[in-house]
Amino acid sequence: MAKALQTLLIKPAGPDCNLACTYCFYLDKARLFPETKTHRMSSEVLETTIRQAMQQSGEQIAFVWQGGEPTLIGLSFFQEAVELQQRYGRGHRVGNALQTNGLLLDEAWIDFFQRYHFLVGLSLDGPEHVHNRYRRTAAGQGSWRHAAKRARQLLKANVAVNALAVVNDYSVQFPEESYRFFCDVGLRHMQFVPCVEPHPKNPKQPADFCASPEAYGEFLCRLFDLWRRDFRRGVPTTFVRFFDTLFYRYVDREAPECTYLAECGVYLVVEHNGNVYPCDFVVEADWQLGNVTEDKLIDLLNGERQRTFGKMKAHLADDCRQCRWLDLCRGGCTRNRLPYSDPRSLNVMCRAYRMFFAHADDAFRELADDWHRRQRAQAGAKQKVGRNDPCPCGSGKKYKMCCGK
């Protein structure tokens, strides 16, 4: 079955960034584009990309703007992008998400995000000492003060904003402090991404700034307990992407994140010059699928090269195939199997996920049971179940004393 074009990840300023974070995996992609020192998407490439996306997608399409730092290209570029979406749209539901370090945001940017309902992912690792450990400028200056200020400004303007925190060898020590920091700021949607980069001298081992699997596993367990402690009447009040995504698997639905699908290759990456790649983590010459000015996006998404990439995920290590948690993690992201050139390598964070699943499995099963009860109760309410009738959730209680409260 052909895949639908639903998501495009676009890098309008390529790998360029106004920070020099120690753990960044994308800065060195500049070597792929040696023609110029500055990389910016032209109006022609932008229009071609959006026109194709609108013509070749279904009723909805999501544009994810990343980098490097995408705001380096300037606000007028994104104003043009929205105008093109409106020009070529055919009743589409269009979503725009932008990942930024926040340094260049000002009132004009924030007004734009609010007006056009952009979802902003703010790269913020936690409180000041955590964030500034690795997220610094080329001159060695910390960036926390700017990022934290932008978070408050975005929230005050009612812009939808998520915190994206990279979990490294230092930040992994502070799950409680980081979680509470985000809550106190008002960033109740959080994403904690483990830093997994190969060591420069041994690609089979993670770099020194990566958290160990044991430390990351402990981090996830403590984070999960904090998340559960903040529930109100059985409903979460904070949203941690990993937990939210995992919950889909517990209620027998496909996860919304490619990491936990049986196969990947469900979206495309368009670089500043129009080159198209299968994934953000494999922007490499060997994996270039084509160019948007010469090829159709829908053909590249369903082409043989993209299918080959997607199927690599299913080439699992023997330990994975025998693991009781395989149906949940699906082997994790293939980029976390070092060396990446061998997809059958075991995921670097395997021990972390085993620790976490063992810790959280019972709680997730209870949450799933509760979710199913609520679904049945809602269905019963639609059927006008009487308040004195047995509750459709099967508890044996009257509807008014159970889910009908």
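## Nonpolar cores

A nonpolar core is a set of buried Ala, Val, Leu, Ile, Met, Phe, Trp, Tyr and Cys residues joined through side-chain atoms within 4.5 Å. In this predicted model, the largest such core has 94 residues. Trp 65, Phe 113, Phe 356 and Phe 364 have the most contacts inside it. Helix α13 (residues 350-382) contributes the most to this core, namely nine residues. Another core, of 13 residues, lies apart from it and includes Cys 264, Val 283, Phe 309 and Met 312.

## Sheet architecture

The model contains an open sheet of 10 strands with mixed pairing, in the order β9-β6-β5-β4-β3-β2-β1-β10-β11-β12. Its edge strands, β9 (239-240) and β12 (290-291), each pair on one side only. Strand β6 (residues 189-194) is parallel to β9, with two bridges between them; His 189 stands opposite Phe 239 in β9.

Two helices pack on the sheet. Helix α5 (residues 144-156) touches β4 and β5 (160-167), and its direction makes about 160° with that of β4. Helix α6 (residues 175-185) touches β5 and β6, at about 150° to the direction of β6.

## Parallel strands and crossovers

Strands β2 (residues 57-65) and β3 (residues 93-100) run parallel and are joined by six bridges. Phe 63 has Asn 96 in β3 as its bridge partner. Together with helix α2 (residues 75-88), β2 and β3 make a right-handed β-α-β unit.

From β3, the chain crosses through helix α3 (residues 107-115) to β4 in a right-handed β-α-β crossover. Four bridges join β3 to the parallel strand β4 (residues 119-123), where Leu 122 stands opposite Thr 100.

Definitions and conventions: Residues numbered from 1 in each chain as written. Predicted model: local features only at pLDDT ≥ 70, side-chain atom pairs only at ≥ 80, totals over all residues. Heavy atoms only, no water. Buried < 20%, exposed > 50% of the residue type's maximum accessible area, 1.4 Å probe, protein only. Pairing = 2+ DSSP bridges. Right-handed = clockwise from strand over helix to strand, strands pointing away. Contact = heavy atoms within 4.5 Å. Axes fitted to C-alpha atoms, helices over the stretch in contact; angles between N-to-C directions.
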